[in-house]
Structure formats: structure tokens, C-alpha cells
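Hello,

Please read them with the model open.

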Amino acid sequence: MKKADIVPNIVKQYSNHAKEMDETVAEFFKRTILKIPMTEMMTILKAWDFLSEKQLQNVNFRQRKESLVQDLVLLCEKKRASVHDAALLDIVYTQFHRHRKVWDVFQMSKGPGEDIDLFDMEQFKSSFKKILQRALKNVMVSFRDAEENAVWIRIAWGTQYRKPNQYKPVYVVYYSQTPYAFTSSCPLRSNIPLLGQALTVASNHHKIVKMDLRSRYLDSLKAIVFKQYNQTFETYNSTTPLQEKSLELDIHMDSRIIHENRIEKERVQRVTQETFGDYSQPRLEFAQYKLETKFKSDFNGDILAERKEPLRCLIKFSSPHLLEALKSLAPAGIADAPLSPLLTCIPNKGMNYFKIKDK
Amino acid sequence: MSVLRPLDKQPGLNTATILLVGTEDALLQQLADAMLKEDCASELKIFSFFSHLARSLPLPSDVNRPRIDLIMFVVNLHSKYSLQNVEESLRHVDATFFLGKVGFLAMGAGQESHCSIHRNTVTKLANTYRSPLFFCDLEREGFRATVAQRLVRMLQICAGHVPGVSALNLLSLLRSSENPAPEDL
């Protein structure tokens, strides 16, 4: 069958079953549900809370994915689901798969002498939406409340003549009791100032600044920005880590192997622990250093050192888990302890993008 | 304490001691384990040896340390830091050690793209000190076992447990025609 033959059939099928649902909306539902892995299907649909338990029970979840998706889309049509319900499903999916987006961090501040008002979530939402809609004719905004007084906002951008593009949305996660908001990278750069403005005004702040912090791991960004990473966690297991450490030494303590630099090793362990702590580090994938410094050389008469202009250089450290990798450098013997403060200051300063200039 | 000398202590009975010097402790540990396993597997069970692992020289002073029969300097070609460490440690070894009781082990040559030290640098270093150079990927168990085998054999000779062969003999045998001594050129 040619593609041209299939499309009219689908349109006919949908228009026979539900006169209310637009084909683009049906397509949006289909694509969103298709994204969900089969193992998470039930969990995500339940979290979405649009289809009732009874309805879900009547669906055969053991069939092939394409047929399952068709059944689910039909159910949504019967229940007169709108594009907003589809947007909510998209939010739920993104909440479960937050690491698929790269998150930036914005920090807002109040003006000098401004009082701290009581935050009203509903007022924030309506204000935020109004600001965006006043500026851009076609924009769709959806909200979903989350724990810790946070709200997940999904924005689909359109233009004056085009309906919102549902496949390139921007997500904003705003923690209302804090001045911090996390946004997924926006494909339309020109909309970022407007987004910032809407956030600032709707939350009664004065200024918004983009932090030099970016990562896929939203929870790690939260931990860094809310300074929660250096807390030892709930379960009382202060005895087990000690046991583990001594076990590690025992296994290797074949009496015929003698470590000469035991004292140095212990010093390295101590310095590493002082710098990084015993807790697990927040997860970042890279640190980037932009150098604009003059070249320094030990040799006299080095050509590069004679240049008056600063030497531009970009250094990027990448890792599946950058901070844990840095923590293991000195114990592994790859670097001296203590490490450069440029590396160890990352969680403290809440930055992983640095610009280094000569003083 | 500051300089290691080969003959300043009495040898132990039926024992030998190897000193592994390198920055990457975990790998040195694994190499030492592999050597001990090798020793158990070989026929000469009366021979037992000690491995001392050090990050760098000079070693802390220890009266009870036995005589060291063989020193292996381990360089990781991926890390300039490890080469620097070895070069600084070499200064604390007496010249008489280099008559067959020192060797160099370079690891990581297989991953060309990760190497920040050229092979020629270590080759030149080994030639300068007239000592044999082995290349080995210590992270792979099979290669590690092979190198462990060679090191155990070398250690036996350096400790004088193989009648008729001395460390100096071995050194001249190991000097192949591909890497002639500079005087021979």
C-alpha cells in the first residue's frame, strides 16, 4: 500500500468514530503515547489520571504496541480528550524521563526593599499565561502541580499565523518557595527573554539571571542549587561504611604485598574526603572552562608568551558522572591531592561553566 | 634511607623481593596479585617472594625491609603525571642497581588515541638507564598474567636463585639487536 493510500483511511477512521477530535490532536496523542515504553505504560497512564481504572482494565496491554496505541487513542476520543489533556500527558511523560532534556537554571531576585508577598499559585499561573498570550498570539501553556510546591509548566510556541507546535515544547519547573526555575533548552532562542519576563513578573520578582549551570539531571541541579547535596541521607548506616572500608583493605592484605606509601595513601584519602565528603555527589555530565588568559611559560623567549592578546582556549571535562570521577582521581593515582579548586568548587559555587580571565 | 642500593643488606633465605613503583596503586596491586598467583602455579614452590608497592621514591625508612632484588618502574602512557613521577623516583636509585636489577613497564600503548606520552619517550628513558622495557596492558587479565610470569622469572634470576645466570647476564640477553646500546651504533 502506498503512503498516499493509507492517510485518507486513517482520517476516515477517526472522523467516523469521533466528530470532536481534530486529526492533529489525534496525531499528537498517538505520538505521545508511542513515546512511552511498554514497561511504563500503566504507571504513566495512571499518573495522568485521565482514563479511569475501569477503562484501563478493559484495554489489552499485552497486544503489540501499535494496536495498543490505537486502542488508547480511540478511548481518548470517546472521552472527548482535548489538546490540553494531551499536553498534560506529555508533561507526565517528561517528568518520568526528565533526563532526556538538558536543563538550564535561572535565579530570580526581588528588588531592593520589596516585601516578600504570600505566593498564590493560581494567581501565578493565570498571570504567567496572560503575559505570554498577550505577547504571542498562538501559544499554549499547560500546568501540572508537583511536590515541594513546584509547578511544571509546558509551553508550546506558535507564530502569528501558525498554531502552536506541540512537538517542540519548552518545560519550566518552578519551585515557588524559592527564586529558582529550571528550563529545558528552548529551540527558539528568541522566546527566552519573554519566558524570563513572564516568570519574573508572574512570581513578583524584579530580575532574572541565567546561572552558569546546566545538566540533564534535574534532581542533581536541585541538590546543588538548594544546597542539599551534602546531607547524609535518611537511613542510619553509619556503621556499614566503616566496615566496608576495612574489608576493602583486608582483601588486599596478602601479607606478601607491602604498601610502602601507606601514609601518603591515607593522606590522599583524608584530603579527598575533606573536599568531597562521604555523600554521593550530584550528577553532572561536564564542566567547561573558557580561558582568556595570557600564555604563561617557563622558557624565556617563548613566542606564545610574547603575545599581548590573551590566548583563547576552551577546556571541557566530560563524564557520565563528572563529580564522582573527579573524586576518584587522587585515590586512583591519576592526579595529586588536593585537586585544583577550579574543579572542586563546582557544587559549592553552583557553576559548571567558567570564564577565566587574567586579574 | 634516601638512595636504594642493591647490596646493602643480606639476602633472605629462599626469598626475593620486588619493588613496583608507579602512581596507579590499584593496577600495581593487581600485578602483584597476578605474580603471586603465578608463583603458586610454578614448579619452584620453595621460592616465595614479597612485593613492595610504592607510589614514588624515596621510600620511607624501614629497617625491617628486606633487600630489594628487582625494581620495576610502571609508566602509564596515558598520563604525563606517571612519567614525571617515575623520572623523579629514578634519582633515588643507586647506579649499581641498573646492572640488570631495574626494568620499565609501559602500559596503555594499545590505545593510541589516549596516549599523551609517545612510545619513543619511554624507549629513550629505558635506553638511557640501560634497562629492559616491557609493554603491557595491565588492565587485561591475560596480558597481566603473561607479564607476571616474566617478572617472576626475572625476579628469580635477579635474586640469584637460578644457578649460572646472573642479572647482568640476563640484561645482555635482553638487549636485542633492535635496540642496540648507543655505543654500538
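**Backbone and one helix pair**

Pro338(A) sits in the loop of chain A that runs between helix 13 (322-329) and helix 14 (341-344). Please keep in mind that this is a predicted model. The peptide bond leading from Ala337(A) into Pro338(A) is cis, with omega near 0°.

Most peptide bonds are trans, and most residues other than glycine have a negative phi. Two residues are worth a look on the second point.

- Asn149(A) is not a glycine, yet has a positive phi of about 55°. Asn149(A) belongs to the loop between strand 2 (139-146) and strand 3 (150-157) of chain A. Its relative accessibility is 46%, so Asn149(A) counts as partly exposed.
- Lys227(A), also a residue other than glycine, has a positive phi near 55°. Lys227(A) is in the chain A loop between helix 9 (218-225) and helix 10 (239-252). With 44% relative accessibility, Lys227(A) counts as partly exposed.

Then the helix pair. In chain A, the axes of helix 2 (residues 23-35) and helix 5 (residues 65-78) come within 9 Å and cross at roughly 135°. Helix 2 and helix 5 of chain A are therefore oblique to each other. Their crossing is right-handed.

Which residues of helix 2 meet helix 5 in chain A? On the helix 2 side they are Ala26(A), Phe29(A), Lys30(A), Ile33(A), Leu34(A) and Lys35(A). Their partners in helix 5 are Lys65(A), Val69(A), Leu72(A), Val73(A), Cys76(A) and Glu77(A). By class, this contact between helix 2 and helix 5 of chain A has 8 nonpolar and 4 charged residues, and no polar ones.

Regards

Key: Residues are numbered from 1 along each chain as its sequence is written. Chains are lettered from A and ligands numbered from 1 in the order in which they are written. This is a predicted model: local features need pLDDT of at least 70, side-chain atom pairs count only at pLDDT 80 or more; totals for chains, interfaces and linings use all residues. Side-chain values use heavy atoms; hydrogens and water are left out. Helices (H or I, at least four residues) and strands (E, at least two) are DSSP runs, numbered from the N terminus. Buried means under 20% relative accessible area, exposed over 50%, partly exposed in between (1.4 Å probe, protein chains only). Axes are lines fitted to C-alpha atoms, for helices over the stretch in contact, and angles run from 0 to 180 degrees between N-to-C directions. Angles under 35 degrees count as roughly parallel, over 145 as roughly antiparallel, 65 to 115 as roughly perpendicular and the rest as oblique. A crossing is left-handed if the near helix is turned anticlockwise from the far one by less than a right angle, and right-handed if clockwise. Contact means heavy atoms within 4.5 Å. Ala, Val, Leu, Ile, Met, Phe, Trp, Tyr, Cys and Pro count as nonpolar, Asp, Glu, Lys and Arg as charged, and the others, Gly among them, as polar.
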